[in-house]
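Dear colleague,

Please find below the sequence and structure that I am handing over to you. My notes on the findings follow directly after them.

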Amino acid sequence: MMNKPFLKTTALLFALLFASTAALFAEEAEKSDKLENQRTLNMIDFLHDYDLNPHTSAYTSEAQIMTGLYEGLYSYNPVTLEPVPALAESFKVSRSRVRWTFTIRKNAKFSDGSAITAQSVRESWLNLLANPAASYSSLLDCIDGAEAYRTGSGKRDSVGIVAKNASTLIVTLNTPAPHFQRLLCHHAFSVVPAKPNVYSGAFTLKSYENGVLELVKNPKYWDAASVALPSIHIEQSGDPDENTYAFNTGAADWVTGNIEPKSLINSSAVCMAAEYGTQFLFFKCENQPWNTAEFRQALLAAVPWAELRSKAVVAAETLIYPLPLYPSVTGYKDTDADEALDLMKKARAKAGIPEKKEIEIIIALSEEESETRFYDMLSAAWKPLGVKVTAQRTPVESYLSNIKNWKADVFLYSWIGDFAEPLAFLELFRTESKLRETTWTSKEYDALLDEASGISDTAERYKVFAKAEQLLLDEAVIMPISHPVSFHIIDTKVVGGWYSNALDIHPFKYLYLKKPQITVQNLVFAK
């Protein structure tokens with residue numbers, strides 16, 4: 001999931017999980033009051049042009065909105081992120097582990113009152129596969145016939161998604177996929193109707209004008225009785241002073257970062273949490289000689305890693321944030337100028353490039369002033385290698401959309417895993433992945449991902465994934481920088497159902513406003 005601009009240790013993740021789970025049980029006592037005295041929840045998000053099509057949207061802010069407008073077979077538990085039955089009330093897996101049978105809720109309806117059936121799910125997924133702009137469609141390649149249909153070499157009716165009847169959906173995989181249930185929590189696999197302005201989630205979109213979204217409760221939603229908020233107002237703002245004033249005065253209940261900390265009255269409302277994500281620089285591997293591993297390896301040996309990560313809250317030496325049972329891999333930590341010179345000399349000789357010939361490399365950055373430091377430090381580090389760094393810049397709001405057609409060599413990227421599995425990161429570099437931005441390709445890498453997907457034992461599967469990550473790092477395709485930290489301003493004494501978690505997803509259906517607690521300060525003291 002492409003991340004918004006941002007300002008992890010495993011122990012921290014578990015600490016947050018424990019604290020949030022305790023809070024969840026504590027709030028059970030408030031359920032009797034949950035549906036009373038509710039009003040519109042007011043939220044301020046960062047500046048961004050929303051893509052409200054679940055099949056093509058990719059930002060974390062869009063993912064948050066999708067939790068309210070659309071729903072799939074499963075949704076995220078707001079605390080643990082474990083799959084929670086949504087439109088599917090139950091499922092079973094065959095002994096071979098490739099046939100999944102889902103039972104759709106009989107009371108599931110779209111916002112226009114029409115029934116959500118197994119055929120609705122089938123059509124939505126097939127439409128996703130048929131959409132060239134659907135970034136996440138390749139994650140369904142584990143379904144029999146899905147990749148062939150997605151790439152234009154197979155037929156729609158040959159995909160292993162079958163609606164046996166109105167309430168029974170049968171999905172046949174081409175290989176066991178232990179992550180499949182977790183994958184289906186993602187908004188891309190929601191049930192999206194063919195009709196416009198019709199929704200499958202707890203809310204509907206009343207309006208979207210001038211960057212302001214108005215969401216209202218969906219009375220046709222199958223679990224509408226549990227949804228407390230009547231509406232949600234979301235507006236965009238890049239002014240930290242205005243955002244802070246809005247929160248201080250109660251005009252905003254939730255601000256997704258971008259505030260003035262010194263002016264914030266309620267400092268306890270600051271919620272920061274480790275995210276299952278990574279910020280990194282990557283080579284597009286399109287232009288010579290940077291499409292050759294030896295040249296990239298020479299550059300990475302010269303990178304001033306400590307300086308590169310100097311502003312990181314949690315520094316990243318590898319791509320994947322450590323998960324329990326995931327083996328350690330050798331990342332990038334040490335700078336060796338002599339080795340860099342030696343590697344560059346050998347790479348030039350092999351490619352027939354004279355030692356004194358200056359080689360240009362283009363780094364693509366947004367117009368954010370903070371990104372200038374990447375240009376400065378890499379220019380200084382690579383100059384002794386005879387490499388001239390040229391920066392090309394574009395407005396931050398169009399940076400990601402420009403990557404595909406941009407002829408630059410190095411790009412800055414942030415990624416939040418969409419499910420707690422290494423594949424959520426490694427899929428970015430698989431040859432046939434729709435999430436792929438680099439042109440780097442490796443048959444060995446692809447084969448390792450295929451091998452891992454067929455292993456049900458978590459520890460053994462992770463060993464194979466670790467081999468794939470090590471190959472990616474050894475090929476010098478990426479430069480890991482940091483693991484992001486989510487930053488929100490929200491008073492959880494006022495807003496219930498909101499919990500810190502590693503994916504920074506807070507499903508709207510669970511949010512509610514708590515009963516105001518009026519306290520009167522005691523100004524009389526006995527002596």
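Strand S13 (residues 277-283) and strand S17 (residues 410-416) run antiparallel and are joined by 7 bridges; helices (H or I, at least four residues) and strands (E, at least two) are DSSP runs, numbered from the N terminus. Gln279 has Ser414 in S17 as its bridge partner. The model is a predicted one, in which local features need pLDDT of at least 70 and side-chain atom pairs count only at pLDDT 80 or more, while totals for chains, interfaces and linings use all residues. Residues are numbered from 1 along each chain as its sequence is written, and side-chain values use heavy atoms, with hydrogens and water left out.

S17 also pairs with strand S15 (residues 359-366), in the parallel sense and over 2 bridges; two strands count as paired if DSSP finds at least two bridges between them. In this pairing, Ala364 stands opposite Phe411 in S17. Of the 7 residues of S17, 7 are buried (buried means under 20% relative accessible area, exposed over 50%, partly exposed in between, with a 1.4 Å probe and protein chains only). Val410, Leu412, Ser414 and Ile416 lie on one side of S17, and Phe411, Tyr413 and Trp415 on the other.

On its other pairing, S13 is joined to strand S18 (residues 478-483) by 4 bridges in the antiparallel sense, and Leu281 has Met479 in S18 as its bridge partner. These strands belong to an open sheet of 6 strands with mixed pairing, in the order S14-S18-S13-S17-S15-S16. Strand S14 (314-315) and strand S16 (387-394) are at the edges with a single partner strand each, so one side of each has no neighbour in the sheet. Helix H7 (residues 293-302) packs on this sheet and touches S13, S15, S16 and S18; contact means heavy atoms within 4.5 Å. The direction of H7 makes about 125° with that of S13 (axes are lines fitted to C-alpha atoms, for helices over the stretch in contact, and angles run from 0 to 180 degrees between N-to-C directions).

A further open sheet has 4 strands in the order S4-S5-S7-S6, with antiparallel pairing. Its edge strands are S4 (88-93) and S6 (161-165), each of which pairs on one side only. From one strand to the next, the twist averages 20°. Helix H3 (residues 118-130) packs on this sheet, touching S5, S6 and S7, and its direction makes about 165° with that of S6.

The largest nonpolar core has 155 residues, and those with the most contacts inside it are Trp125, Ile143, Phe180 and Trp382. Such a core is a set of buried Ala, Val, Leu, Ile, Met, Phe, Trp, Tyr and Cys residues joined through side-chain atoms within 4.5 Å. Helix H14 (residues 458-474) gives the most to this core, with 8 residues.

Helix H13 (residues 443-453) packs against H14 at an angle of about 165°, with the axes 8 Å apart. The two helices are therefore roughly antiparallel to each other (angles under 35 degrees count as roughly parallel, over 145 as roughly antiparallel, 65 to 115 as roughly perpendicular and the rest as oblique). Among the residues that meet here are Leu448 and Leu449 in H13 and Val464 and Phe465 in H14.

With kind regards
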